[in-house]
Amino acid sequence: MHAAWTLWVAATVLCALAGCASDPARLPIGSTRTQALQQLGKPTATYALPGGGERLQYSREPAGYQVDNVDLDAAGRVVAVRSMLTYPLYDNPIQLNKWTEADVLRAYGKPYQVTRVSSFDGAVWSWQYIDNYMPRLFYVYFNPTGVVVRYDTGENPQIELGGK
């Protein structure tokens, strides 16, 4: 367990040091799309937003613990920057029995992993995140038609149990 924890801390520190210049939280509201791309680089995904806007998504999954969304209005100006995996249940936008896989991708990006469990008939997507300096997992459960029916958080056994 100690070796896995040490590796996780070292990777987190290196990512933090390397990412300071490209931290989406440092992008000023009102910046242009061009300025956002110059500062942050190529997004991991882009999504159309209602009203002609666009979302630039910067995900560090599956190896990292952050997904940042930079929302642009129809004129191509930054109107919002949001880190999605800062304890997901506090300000979670997911609408149960309404959101689909496409809605979840637009909000959280590609998951860390997709699994199935015998006690649930559907896919379970998960993302890694940090809460109180502890690695955790955020789970979203989809029914067989791809609609969200629940979400939850839990321990990250691969880190906390040393990858066993």
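Which residue lies over the face of Y141? The residue is R150, at 3.9 Å from the centre of the Y141 ring. The structure described here is a predicted model.

Strands of a sheet pair through backbone hydrogen bonds, either parallel or antiparallel. In this model, four strands make up an open sheet, in the order β1-β2-β3-β4, and the pairing is antiparallel. The edges of the sheet are β1 (45-48) and β4, each of which pairs on one side only. From one strand to the next, the twist averages 20°.

The sheet can be followed strand by strand. Between β1 and β2 there are four bridges, and the two strands run antiparallel. V70 has its bridge partner in β4, namely V81.

Strand β3 covers residues 67-72, and six of its six residues are buried. Which residues of β3 are buried on one side, and which on the other? V67, N69 and D71 are on one side, while D68, V70 and L72 are on the other, so that both faces of the strand are covered.

β3 and β4 form a hairpin with five residues between the strands. In this hairpin, G76 takes a positive phi near 85°.

Helix α3 (residues 101-108) lies across β1, β2 and β3. The angle at which α3 runs to β2 is about 70°.

## Aromatic pairs

A pair of aromatic rings is described by the distance of the centres and the angle of the planes. The count for this model comes to seven aromatic pairs. One of them is F120 with Y141: the ring centres are 5.2 Å apart and the planes stand at 85°, so the pair is edge-to-face. An angle over 60 degrees is what counts as edge-to-face. F120 lies in the loop between β5 (113-115) and β6 (124-131), whereas Y141 lies in strand β7 (residues 134-142), so the pair ties together parts that are 21 residues apart in sequence. F120 and Y141 are both buried.

Another pair, W127 and F138, is tilted, with 5.9 Å from centre to centre and 40° between the planes. Why does this pair tie together parts that are 11 residues apart in sequence? The reason is that W127 lies in strand β6 and F138 in strand β7. W127 is buried, with a relative accessible area of 0%. F138 is also buried, and its relative accessible area is 0%.

## The aromatic cluster

Which residues form one aromatic cluster? The members are Y108, W125, W127, F138, F142 and Y151. The tilted pair of W127 and F138 belongs to this cluster.

Note on methods:
Residues numbered from 1 in each chain as written. Predicted model: local features only at pLDDT ≥ 70, side-chain atom pairs only at ≥ 80, totals over all residues. Heavy atoms only, no water. Buried < 20%, exposed > 50% of the residue type's maximum accessible area, 1.4 Å probe, protein only. Pairing = 2+ DSSP bridges. Phe/Tyr/Trp six-rings, centres within 6.5 Å; stacked < 30°, edge-to-face > 60°. Lys NZ or Arg CZ within 6 Å of the ring centre and 35° of its normal. Axes fitted to C-alpha atoms, helices over the stretch in contact; angles between N-to-C directions. Contact = heavy atoms within 4.5 Å.
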